[in-house]
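Welcome, and thanks for taking a look at this one. Please have the chains open in your viewer, and then read on.

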There are 8 protein chains.
Amino acid sequence: MNNDMLALLNKVKSGEVSPHQALLSLKMEPFADLGYAKADLHRSLRQGADEVIYGEGKTPEQITGIITAMRERSFENILVTRIQQETADYIHGKTDDFIYHPIARLGVAYSRSRDPLGSVVIASGGTSDIPVCEEAALTAETLGSRVTRLYDVGVAGLHRLLSNSGVLMDAKAVVAVAGMEGALASVIGGLCDCPVIAVPTSVGYGASFGGLSALLCMLNSCASGVSVVNIDNGFGGGYLAAMINRQASVTLG
Amino acid sequence: MNNDMLALLNKVKSGEVSPHQALLSLKMEPFADLGYAKADLHRSLRQGADEVIYGEGKTPEQITGIITAMRERSFENILVTRIQQETADYIHGKTDDFIYHPIARLGVAYSRSRDPLGSVVIASGGTSDIPVCEEAALTAETLGSRVTRLYDVGVAGLHRLLSNSGVLMDAKAVVAVAGMEGALASVIGGLCDCPVIAVPTSVGYGASFGGLSALLCMLNSCASGVSVVNIDNGFGGGYLAAMINRQASVTLG
Amino acid sequence: MNNDMLALLNKVKSGEVSPHQALLSLKMEPFADLGYAKADLHRSLRQGADEVIYGEGKTPEQITGIITAMRERSFENILVTRIQQETADYIHGKTDDFIYHPIARLGVAYSRSRDPLGSVVIASGGTSDIPVCEEAALTAETLGSRVTRLYDVGVAGLHRLLSNSGVLMDAKAVVAVAGMEGALASVIGGLCDCPVIAVPTSVGYGASFGGLSALLCMLNSCASGVSVVNIDNGFGGGYLAAMINRQASVTLG
Amino acid sequence: MNNDMLALLNKVKSGEVSPHQALLSLKMEPFADLGYAKADLHRSLRQGADEVIYGEGKTPEQITGIITAMRERSFENILVTRIQQETADYIHGKTDDFIYHPIARLGVAYSRSRDPLGSVVIASGGTSDIPVCEEAALTAETLGSRVTRLYDVGVAGLHRLLSNSGVLMDAKAVVAVAGMEGALASVIGGLCDCPVIAVPTSVGYGASFGGLSALLCMLNSCASGVSVVNIDNGFGGGYLAAMINRQASVTLG
Amino acid sequence: MNNDMLALLNKVKSGEVSPHQALLSLKMEPFADLGYAKADLHRSLRQGADEVIYGEGKTPEQITGIITAMRERSFENILVTRIQQETADYIHGKTDDFIYHPIARLGVAYSRSRDPLGSVVIASGGTSDIPVCEEAALTAETLGSRVTRLYDVGVAGLHRLLSNSGVLMDAKAVVAVAGMEGALASVIGGLCDCPVIAVPTSVGYGASFGGLSALLCMLNSCASGVSVVNIDNGFGGGYLAAMINRQASVTLG
Amino acid sequence: MNNDMLALLNKVKSGEVSPHQALLSLKMEPFADLGYAKADLHRSLRQGADEVIYGEGKTPEQITGIITAMRERSFENILVTRIQQETADYIHGKTDDFIYHPIARLGVAYSRSRDPLGSVVIASGGTSDIPVCEEAALTAETLGSRVTRLYDVGVAGLHRLLSNSGVLMDAKAVVAVAGMEGALASVIGGLCDCPVIAVPTSVGYGASFGGLSALLCMLNSCASGVSVVNIDNGFGGGYLAAMINRQASVTLG
Amino acid sequence: MNNDMLALLNKVKSGEVSPHQALLSLKMEPFADLGYAKADLHRSLRQGADEVIYGEGKTPEQITGIITAMRERSFENILVTRIQQETADYIHGKTDDFIYHPIARLGVAYSRSRDPLGSVVIASGGTSDIPVCEEAALTAETLGSRVTRLYDVGVAGLHRLLSNSGVLMDAKAVVAVAGMEGALASVIGGLCDCPVIAVPTSVGYGASFGGLSALLCMLNSCASGVSVVNIDNGFGGGYLAAMINRQASVTLG
Amino acid sequence: MNNDMLALLNKVKSGEVSPHQALLSLKMEPFADLGYAKADLHRSLRQGADEVIYGEGKTPEQITGIITAMRERSFENILVTRIQQETADYIHGKTDDFIYHPIARLGVAYSRSRDPLGSVVIASGGTSDIPVCEEAALTAETLGSRVTRLYDVGVAGLHRLLSNSGVLMDAKAVVAVAGMEGALASVIGGLCDCPVIAVPTSVGYGASFGGLSALLCMLNSCASGVSVVNIDNGFGGGYLAAMINRQASVTLG
């Protein structure tokens, strides 16, 4: 940022750029203002990952509008999360390149193939957690990570998890997805030596209070290296795992 | 109860007992009314265990009064829970036979030696849970159970628990005591085939919310055979474990 | 487990089994990995009860897949909980031996007749609690317990409960099911001398907060021998009652 | 109020009172403005009971100032609640007629003897609830009610309560004071045919959450005729019971 | 009760009744056991009011069964609360005398005309609270009270309430129904000298948290003589108001 | 008020008005009593703004009745909030001048054009918050304020907000609308020197707990000059902003 | 900001300022970096009010350091909130001009006399709320507002508030401070036509849950024009009231 | 693990190791059993970091015992968190090499100098958050990370944070520590392209509810790449940041 500003100010000094133009340039918004949304077009520069469209609460028209604005600026791998089949169908009708994954409730527009990097493991406590897991897994894959799925390895049957401890030991980041008592994150945290991102899910009933139980359990984990994202936030878990995995893997080649 | 009433009514018929006397007898309270307390003197008949005095919120004088009333009726093994050293000292000064356990904050008046029965395991997640564990262990021992202590076997280091799985497999009842994420109960519940009584503790900070986190985790356990008592209720866990252990063990001899 | 490992290691020593084969055998998973689920096939050895399929959040196809995998390994009395009529119909179409109980929302595949053991009492506070009660009762019956139902005996009309105190006195375990204020567990806990498993229900409105009120009431029970499972967890209550009842009854014969 | 206004307006018409005087009179505040407090001097007219000073959060000087202002206007039976011994000592030093009850943490200035009316029963779940009970009992007695105390009759030992059912049947109002599970109110509500005022107490630990458990239990009571006041609000329970008792009793004579 | 027992025992003495018959008689349940429900047939003796059927969670068949059982024992004024139009239609088809009030969601079978007694005021904070108000009003009317309705007199426009203060001053009991901030109960409590029963409603949104806000506000009322029932519990408010009104009014004649 | 009373009392003195008439006049309700509602007709005098009808929980007939009563008294700009399209259609059929805004779910009857005053800014964290924003914006516009909309300027992309800081600096009041973490209010509070009204929204999932997260965040704002209204209360935010804007702007002319 | 940048860029063009110097100037932090704190020295420009030091959690040395840094830059009227007497004494020893107000727990360094503007009313529900009121009142006075105190005017005795309605009608902003049920804000909101800032207090016990009850009540206020700040945040209430009062008053002169 | 087992089994085959010895070896616990604690001695192998002793709830004797057991096995850099000065003094008296940091309340025994790797930034919202920040910073430094401290850069004065954006852009991991509204994590998350670990603190009052407000805010962050640890868990934040930093940095050399 400083370098950019210095370069710009040097151009002002040399007269290449007028003060008014410089001001404009400095203020020129690094986003596309669509009225209902201000699509962030520089995030890949600033955050090392493409823009993601959180679909919930947006109309199909709004989502398609944002995709179009991004496509016009040559974006690829545009992830759209939390959309239903009907919205996906609408987008598909308007966008020539869009793939929808119904279990994970997400889609990717203008997907670009990449060689998967490193190793991210997505583990789930039960079968019912799979939609959140797939949101995490597909997000991490879209962002370029190699993903291994370990589903239904909850702590009430430890041997299922222990028989996969080798996979866990090799991971650069693990996403531990569990509802109800959420103990999976602590047990995995004790088994492996990489960051564990705990994703509580709203799977459960009664005193699970919509995922609160799993959330609190995970926040109180005795295992070091465990951090937590929002309930059912598979995207957030997958995104962060991919970010950690990329940091740890890119430099290996 | 029915048999007692029938016997009484037969005596009324035969004239042995007058109707008024019978009414009195039926209504004669099966407790010692001390004004501030109505000490339950028939509970051992009704519940198979002696009266327990919950000390918190009672004055030393009140506790001693209840002990005296019970002693006059030949009670033994009178358990007094949740008392501080000062209260214990006061009781000790008034009662010739009283042993206080400071870590567990409980005492036993007129303790009677019994051959321990069966097998109760008290397991703790961490070192800080030991006071609650000892409350459970001493309660179960006072009520006649053989007790094995497994402390600091929390799930973030599974090998500590797994290396003791033999002890767990042989138990008639396990008391799983844990604060913070409270995952211990689920893991133990998956390892053994007897009832597991989960005791959440207030050990922890921040989002443990005084034991709420462990409590919710335990209530949501995926493992079958796990039930929960109040936060820090070591007495309740030990009492129930002893009750289950006695049911399962007495009939073996 | 130790004996198994020792036997295996002796065979390795004798050359009967090669080290690699032994490693494989030790690691051979004691579950059927169906991708979406890892059905636990050794639980009856480890826990003394057959596998139970928690139906909520699983597709009819997944449930049928798990039943099939278990049936192939000669399992009987496979309990499937929390399923709707449509799911039951689907399973019925695929499985030749499946009975569905709509009030309890559970079904049993390949049920095997057993002589009922001991005595479990299922008591409810009100008529609206019956679905949870039936989940508990049918679970306990499937697991081999003799069950007595005492419905609508809430504490606001004590005589209804007191007139059944004989039944309660004879039980090996009582499941006390109640919503709203949940006081039933404490009153029953004071009347009988066996473990009482309290099941709070979400029956109620307003400040019952989906069963939270009954849950807290039960956790704070002054009666000893009372423990609590999750809100509406009839299965958990019935399972634990059957486990306690079996421990207390098997050894009587 | 209307009659007063009409009378005043008639005097305006007749010239007995000038419009300005009438305005002043209408606006003349029916309270003593002490700066830090506006002591309500007409409440006994408006509410049928004397002013009560809630002592918590007020300095001894402020409390004494209010008592003095009331005494100057010939008030009697001035109740001061929630004060410690030190505050009571201070008031005693400044006021010639003040009696302090340390267990109930309340005092009465210028107490006036009255013949007690009707019947209010104060029942407690346990010994630890006695301070709240005494606050209720002394409040009701100060307000002129005959009070019967039934302490330590919690639901885990029903016979203690049932043996006193006659007293409950004769009451005009019952105050049911209980902490922990708070089931006492429901059981009493089912036994008697007068209003039951439930007072949850903060007695308990862990999942009693400072009285929340008892509060919720009482709010969800299945028994009709039960209403609830704030946690530990013995004064509120006693005041309301006295009000109901007076309404039901005064007209009998 | 004592008199009944004494009479019975005297008959035992005289030989009129055999001990076994007496036992049977003592144990003969004072309720009709319908399997799914134990309809309380003595409540009107014990509580001075007829049985009320809480309809929520009961099937139309169950409700009709209970009404029939009560009718066979000559009950009148049988109140059925919390039922929908469809249930009411079903009952109407089976019962020759049943009136349904759709706004209050309650009905009365075999209603009996009575001269209304005393004065109960039902006040509401807003128009949206009317369904709960009507549940209270119709309950109190069915139980024999004269009822005045004061709707939409919330505290944000005090003159609406103050212009009706005369009605409030004359009441024997007031039911204050309000959602959102629930301040109505305190203001009314300060205006009148009879018991005020506060009924919080779930009317509101956001931080009203389903009525929790109004509930807490009412529990913390600074006005004396205010007590609270469950959220949306119009029945409970109306029942208690009628009970207080009857106690205060019956003796006037 | 005092002047009115004095004038009235002077007329009583002079005999122009009889005492009874004066009493009537003083008590004459400044609202239209429609039975189900007491429409406040003097609020514009008392509060400087016309009556607003909160539509939720009212039937279309009730709303139309209130509009009619107000229209008969020559009210204009009658705002009706929280109504669905069907209700709007009904009102439209009965009222000749009614405009409905579906996104904001509000309508205005008999709208009157005014020159907009001052400057109110409505800022939103995301696209999904727009319905609440529009409720605020249209309310403020109906009440006469000039409104600037700044949507989708959440804190995770600060440049979007910073590039609009000029607009914020010129505002007389800002309404900051945000769900999820609700940080927008603090950041805006640090950028501008006018009151910021924070409106938390229920946009979000999981640990947003229906807007609780945003609400707490906003209440804890470190920025001075920030206050908070209820979750999703766009009307309240817009109303207060317009009130502040009018106070600050009217006096400028 | 834009004008400043443009001016700076013009100077860069003209050579008056070198690009590097300009960059430095643009980045030159508008705060004093003391290591432990970054004292905001431009806030009075940006927000129209001087910096305020929130004392809680800061050592006396840190507070004095910040005052000194501000004094060196000629700040006046430096408000220090939430400090105890010991801290005040320490500051007094180091700073030659510091006045401490013990009830409000705040102090002012280098106070500057100003003519008070407009009218802010601080109203309290009870005597115990006075410390929070004084924090609000002294803050508003320090920021230049004329303040009227109306203490102990809670809604349970409406006449105390109504007799002061004239003062409320004339205010430019009202701060309504109340604990327990917090109804004061709604009642005041209905009486006056200026913004009402509600400050819930932690005064109360039991179900006041540390001020949560008053907070929720105030957030749910039916009166328009009411907004809420944090529990016990007298400073926030006084600051916002002064800001609104200044906007409304400055332009009148 | 597999390799170890295979090697062991090969030795069994060759007769080098007897089956019984192998069994023993396989079961030999990888921890030091001190009775009250089972110190995990293999964690550095399994997790890439040395053991950490959580001091809260442990006696000085227990902590010293664990340090001694670890030292005997040649551990270095033994971190002891959450201890007071008195405990530190005790340890210092028993251990020849122990450094205590009072602000962070942690100490290091047998610290070993390492070249710091990569870049971890610890940012705080306010001065009061510094103790938690220092716990994070010293933990990360002890684990070998280079740490930059950015304190008092809360979002209400954005320029303080923006002027340090360069430091944030260069970090491999950022720990964002904030109480009250906790918005810091979101703003930082939007500014940098590395993982952000949010640590909510209990700094605040009223509606911060002991850190709950900051916790919820952080969990709901709109910025991608943000995860959360427990309230006040500086250690957890620092540990995870160091783990991520090491993964990203080690491979660069």
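The report below looks at one interface and then at a pair of chain copies.

Please keep in mind that this is a predicted model.

**The interface of chain D and chain C**

Let's begin with how these two chains meet. On the chain D side, 23 residues are in contact with 23 residues of chain C. Together the two chains bury about 1,900 Å², and carbon and sulfur atoms account for 71% of that area. What is the count of salt bridges between chain D and chain C? That count is zero. Polar contacts do occur, though: eight residue pairs across the interface of chain D and chain C meet the rule, with both residues at pLDDT 80 or more.

Which elements of chain D give two or more residues to the side that touches chain C? They are α7, α9 and α10 of chain D. Of these, α10(D) gives the most, with five residues.

| Class | Residues on the side of chain D that touches chain C |
|---|---|
| Nonpolar | 16 residues |
| Polar | six residues |
| Charged | one residue |

**Chain A and chain H**

Now for the pair of copies. Chain A is superposed on chain H by a rotation of 180° with 0.0 Å of shift along its axis, at an RMSD of 0.1 Å. The two copies are therefore related as by a two-fold rotation axis. Both copies use the same surface, as 100% of the contact residues of chain A recur in chain H.

Terms used:
Residues are numbered from 1 along each chain as its sequence is written. Chains are lettered from A and ligands numbered from 1 in the order in which they are written. This is a predicted model: local features need pLDDT of at least 70, side-chain atom pairs count only at pLDDT 80 or more; totals for chains, interfaces and linings use all residues. Side-chain values use heavy atoms; hydrogens and water are left out. Contact means heavy atoms within 4.5 Å. Buried area is the accessible area (1.4 Å probe) that two parts lose on being put together, summed over both. A salt bridge is a side-chain nitrogen of Lys or Arg within 4 Å of a carboxyl oxygen of Asp or Glu. A polar contact is a pair of N or O atoms within 3.5 Å; within protein, one must be able to donate a hydrogen and the other to accept it, and residues adjacent in sequence count only if both atoms are side-chain atoms. Helices (H or I, at least four residues) and strands (E, at least two) are DSSP runs, numbered from the N terminus. Ala, Val, Leu, Ile, Met, Phe, Trp, Tyr, Cys and Pro count as nonpolar, Asp, Glu, Lys and Arg as charged, and the others, Gly among them, as polar. Copies are superposed by least squares on the C-alpha atoms of residues with pLDDT of at least 70 in both.
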